Amino acid sequence: MSLVPDRIHAAVSAGSPEAASIPQRADAGIPRATYRVQLSSAFTFADAARIVPYLDRLGISHLYVSPILKARPGSTHGYDVTDHTRLNPELGGAEGFEHLTDQLRRHDMGLIVDIVPNHLGVMGNDNQWWLDVLENGPAAEAAAAFDIDWRPQRASMRDRLLVPVLGDPYGTALERGDIRLAFDAARGEFCLHYHEHRFPIDPRDYPQIFEGMPLPTLNELAAADFSSLMSAFGRLPPRNDVREEVRAERYRDKEAHKRRLVRLIEREPPLLSYIERAVAALNGVPGDSASFDRLDALHESQAYRLAFWRVAQDEINYRRFFDVNSLAALRMNDERVFTQTHRLILELIGQGRIQGLRIDHSDGLYDPEAYFHRLRSAVAAVRRDTDTFFIVTEKILAPHERLPESWPLQGTTGYDFSPQIASWLVTGASEAAMTRIYEDFIDERHSFEDIAYYSRKLIMRVALAPEVEGLATQLDRIARLDRHTADFTRSSLRDAIIDVIACFPVYRTYVSARGSTDEDRRTIDWALSVARRRSGLATETSVFEFLRQSLLMAPERATPPVQRAAMLEFAMKFQQVTAPVMAKGVEDTALYRFNRLVCLNDVGADPRRYSLSTQALHHENGERARCWPHALLASSTHDSKRSEDVRARIAVLSEMPQRWRRQVSRWARLNRSKRVAFLDAYAPDPNDEYLLYQTLLGIWDSSSDPASLLQRAQAYAVKAAREAKRITSWLIPDTDYEQALQTFLQRLLQPRSRSAFLQELQELASTLGFFGRLNSLAQLVIKLTAPGIPDFYQGCEALSLTLVDPDNRQPVDFMSLERQLADIEASEPATVETSKLQVTHRLLRLRRDLPALFAQGSYVPLTVEGEQAPHLLAFMRVHATQRVIVVVSQAHYTLNGGAMTPPVGPVWGSTVIRIDDQSRGAMHDILTGRQVESSGDAIRVADALAQLPFAVLLQADHAVTPERSAATAVALPDASENSA
C-alpha cells in the first residue's frame, strides 16, 4: 500500500505538470535503503536470492553483500580473497550469482558488493600469485603485486620472504617430519608441504634433490635426457635478476623444462620411482637429526624461509592486513595490479549485475584518493551513469574529522553515524557519576586517552613491530642523506615514530605527490606536539622536527630530488601504518580495556565523547545533508562489538547512576564466592567483572535457551579478555584465566531458584529491556528519516541482542521474519508483536513513496520550547512541496521516573515545537495514522506524541487517509511484551 495519495501516482503516470513538482525518483542508482548479509557456504547466493521478495516487501532497494570473489576454502567472511578472477564457488559460483542478480532485477532491486582492494589471502595452496612469489622470489611476475621488502636488515634474508606459518620452531617442525618434500608428476614440479600449505621449490634448485643419488638402470637416451634436463634447470636465470628480458627467459625456460620432465616420466616410468626414492631420502627420518640436513639445505636455498608464526612479530618482511600473517597487502597503486584485481568486478558492473561497491579498509591503501579516482574512471569505461554509480568506503572518522570532499564517493559506510546516535541516547549529566562508579569498582584511575596511548604503543611493540621497524629503516636512510641529520641514531628515530603514532588523533593523513592539506598539517603538528610533551626529554626536539619535515616533505634546506622522493615514500608508508595501529590499538585493545559504559565502545566511537547534545546531532545531520547526503547510516554492522539493541539497553544505565552504583556494588559482594582463585588474586579481575555485568544486562533474554546464553557469554568473555591483552591475549593465551572466566559465568548463570543475583539481574534487565526498546525505536526513526541512506544488518530490522563476531554472524531466521512481516501487513496493531520491524516497514515504505524528499531534501532543525524540551529532537525534511516533521524523544527512564510505561501525552506538558508558515495545518502521523493539528506556529508535543514517544508527520495532502493506514498503525508493546 502506498503512503502517497492516488492522485499523485495518477499525475506521475499521466505526465501532468503536477508531476514535475513532485518527483518520485531520486538520483538514478542511489539506494533508498540497503540490507547487508554475510555470505558463506552456510548462506550462499541461492539463500540470498530466497530472501529478495521479503526484502522488497520490507522496502529495501539494494541488497548489500560481503565479498563474492573466490576466498580461502571454508571462509566465513570472504575477506581472504585468493583469486580476483573467479566468483566464489562455495557461494554458488557464476550460476548462483546470475540467479541472485536475476531475482533482484525481477524485483527492481540493486546489488552492492563489498570489495577488498587492500589485501589478498595467502598461505594455503591456492593463491597463484603467492605461489609464484615463493617459487621465483624478486623475479616473480607477481612480486610487484605484494608490498615486500627484499632488503631487510638481516643479511641472510636478502631476496627472501619470511613465511611465519609453522606452529612450532622451524627445527622442531623439520625434524618431526612436518615439513616434507613432494613431487607432482602431473606438473613436473617439486614442493615443500606443511599441513595444508604448499611451497614451490625454485626449479633452479631441482638438481640439489638428486645429489648423491645415482641414476637407476635406464635406457641410455632417457638417462642422458634426464641428466641434460637437470643441467638445464641448474642454468636457469637466478631469481634475483629482475630485468624484464631475463625474467621472461626464466619463465619461458622453467615451464618448458617442467613439461619436458613430465613427458620424460611418461616415456620412462622407472624414472618416477627414482624421483620418489630421492624425495624420500631427502625427507629424513624422525629421530635422526642428521638425516634432515639436506632438506634443511634445500629449504635454505629457497626464496622464502619457513618460520615459527611468532617470529612474524619481529622479522616479517611483507606488509599485512593489520597483524594477520595470512593476509598479504597489495600494491594497489600499481595500475597493473588494479587492472588484474578489478577486471571481473568491472565486467559484472558493465553487465548491470552490480549497482554499487563498498570499499573495504581504504585507509590501508597507498593513496586512497588516487585509487577512488581510478576506480571511478574504470566504472565510467563500462557504464554511462558513472557519477551516480554508488561507491562508499569503510572509513573510520574521528569526531572532529570530515571525509575529504575531493574523494569521488557517495560517502562512508556509516561507522560515524552509529556512535553519534549511541552518544545521543546517553544522558550527559551522569558522566562524572558513572566515571566514579567505574573507577571505584576497579580501584584504578586511568583516562581513556592514556589507555589508548599505551595500547597503541603496545601494538607497535608487538603486533606491528615489523612495520615500525621498516619505517625506522626508511627514516634512517633519509637522515643519512644530509650531514645535518646524519648523526640521528636509528633508535631515536624509531622512538620518535612510535611516540608520534601513539598520539595520532585520526586513522591517517593523506599526504601524497599532490602535496599536503591544511588538515594534514594540523593533524601531524598536533600529534608531534602531544608526543613531545609525553616523551619529555627522552627524544630530542630536533628529531621530532626532522620527522615533521619528512612527513610533510618540507625540509628546512633545499634538497635533491632523491631525498624528496625518499621523504614522499616514507610519508606514504607512514600513513599506511598509522591506520592499523589505530585499529588494533584503539578498536581492538583500548575499547576492551576501558569499560565505563560499553555502549560507547564500538567501531568508530570515541568513549571520551560521553554524550552528544541534540544541538550537536543537528549539526552532524546538517553536515551530512550538505556534503554527503547519500552516505550510509549504519546502526549495526558485521564489525559491531555489540548490536544496536544491546547498546540501546546499556545506554539506559546512564539515566540511573545511583541505582547502578548500588546494584553493581551488591553484585560484587554477592558473587565474591563465585570468583575463581587465580595466582595470588581472583578471576575475573574487577575490570572484566564490570564488563560482564553490562554484557549480561545487554543480552539477557528470559526466553532464550539458558545453555545457549551461557555459551555465548563465555565465548564473548574469552574474546574480550584476549582483545584487551591485559592478562591473556591471542598471541599468548592464558588458558587458566580464560577457564576461570568461563567458570565464573557458569556459577553466575546456573539456574537456582533462590539465586539473589539472577533475580536482581532479571529485574534490572527487564527495566533496561523496556527502556532500551524505546531507545532502539528512537534511533531507528532517526536512521530512517535523517540525511543519508539507512543500512540494515541481517536480522537487525527486528530485535537483535548480539555481540561481536562470531556471535553477530549466526544464522538469521528469515522465515520467522517473513511471517512477522505478513502479520504486520495484514493484522490489527494489537496482534503485532515486533514493533521494531513494524516501524522499519512503515518508514521504508514512506521512503519508497517519497524518494526525492529523503535523497535530496534539506535538513531543518526545529526549535523545541517548554519544560521537557531537553528530551526532544525535532527536525524537518523539505523538498519542493513535500515536508516531513520528525519528533523523537530520549531519556525515557528519566521522563517517567522509572515507571515502565511509554512517555506519551500529558508527560510532555506544554512543550511545543515551533514551525514555519508552510508547515501549518493538518499533519498525518505515518506511524499511528493519527491526524495532528498545529496550533498557530507550533505543534503541541502532547498531541504529536499522544500514542508513541516519536512521530513522523507528513503534511496531510501528501498522506494516506487514516482509514487506509489504521490496519498497519504502529503500537508499542507494553512491559509484559518486553523480551526480558
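The legends below describe close-up views of a predicted model.

View 1. Because 12 of the 15 residues are buried, helix 19 is largely enclosed by the rest of the structure. The buried residues include Ala 465, Pro 466, Val 468, Leu 471 and Ile 478, and among them are also Glu 467, Thr 473, Gln 474 and Asp 476.

**View 2. Lys 457 in helix 18.** Lys 457 is found in helix 18, which runs over residues 448-461. With a relative accessible area of 18%, Lys 457 is buried, since the cut-off for that class is under 20%. When its neighbours within four places in sequence are left aside, Lys 457 is in contact with Ile 498, Asp 499 and Ala 502.

**View 3. The packing of helix 30 and helix 32.** Two packed helices are described by the angle between their axes and the distance between the axes. Here the axes of helix 30 (residues 756-785) and helix 32 (residues 835-849) come within 10 Å and cross at roughly 10 degrees, and the two helices are therefore roughly parallel to each other. On the side of helix 30 the contact is made by Arg 773, Leu 777, Leu 780, Val 781, Leu 784 and Thr 785, while helix 32 contributes Ser 835, Lys 836, Val 839, Thr 840, Leu 843, Leu 844 and Arg 847.

View 4. Leu 780 lies in helix 30 and, at 1% relative accessibility, counts as buried. The C-alpha atoms of Leu 780 and Arg 754, which are 26 residues apart along the chain, are separated by 38 Å.

**View 5. Cys 599 and Cys 796.** The structure holds zero disulfides. The sulfur of Cys 599 has its closest cysteine sulfur in Cys 796, at 16 Å, which is too far for a bond, given that a disulfide requires the two sulfur atoms to be within 2.5 Å. Cys 796 is likewise in no disulfide, and its nearest cysteine sulfur is that of Cys 599. Cys 599 counts as buried at 2% relative accessibility, and Cys 796 is buried with a relative accessible area of 2%.

Conventions
Residues numbered from 1 in each chain as written. Predicted model: local features only at pLDDT ≥ 70, side-chain atom pairs only at ≥ 80, totals over all residues. Heavy atoms only, no water. Buried < 20%, exposed > 50% of the residue type's maximum accessible area, 1.4 Å probe, protein only. Helix = DSSP H or I, 4+ residues; strand = E, 2+ residues; numbered from the N terminus. Axes fitted to C-alpha atoms, helices over the stretch in contact; angles between N-to-C directions. Parallel < 35°, antiparallel > 145°, perpendicular 65-115°, else oblique. Contact = heavy atoms within 4.5 Å.
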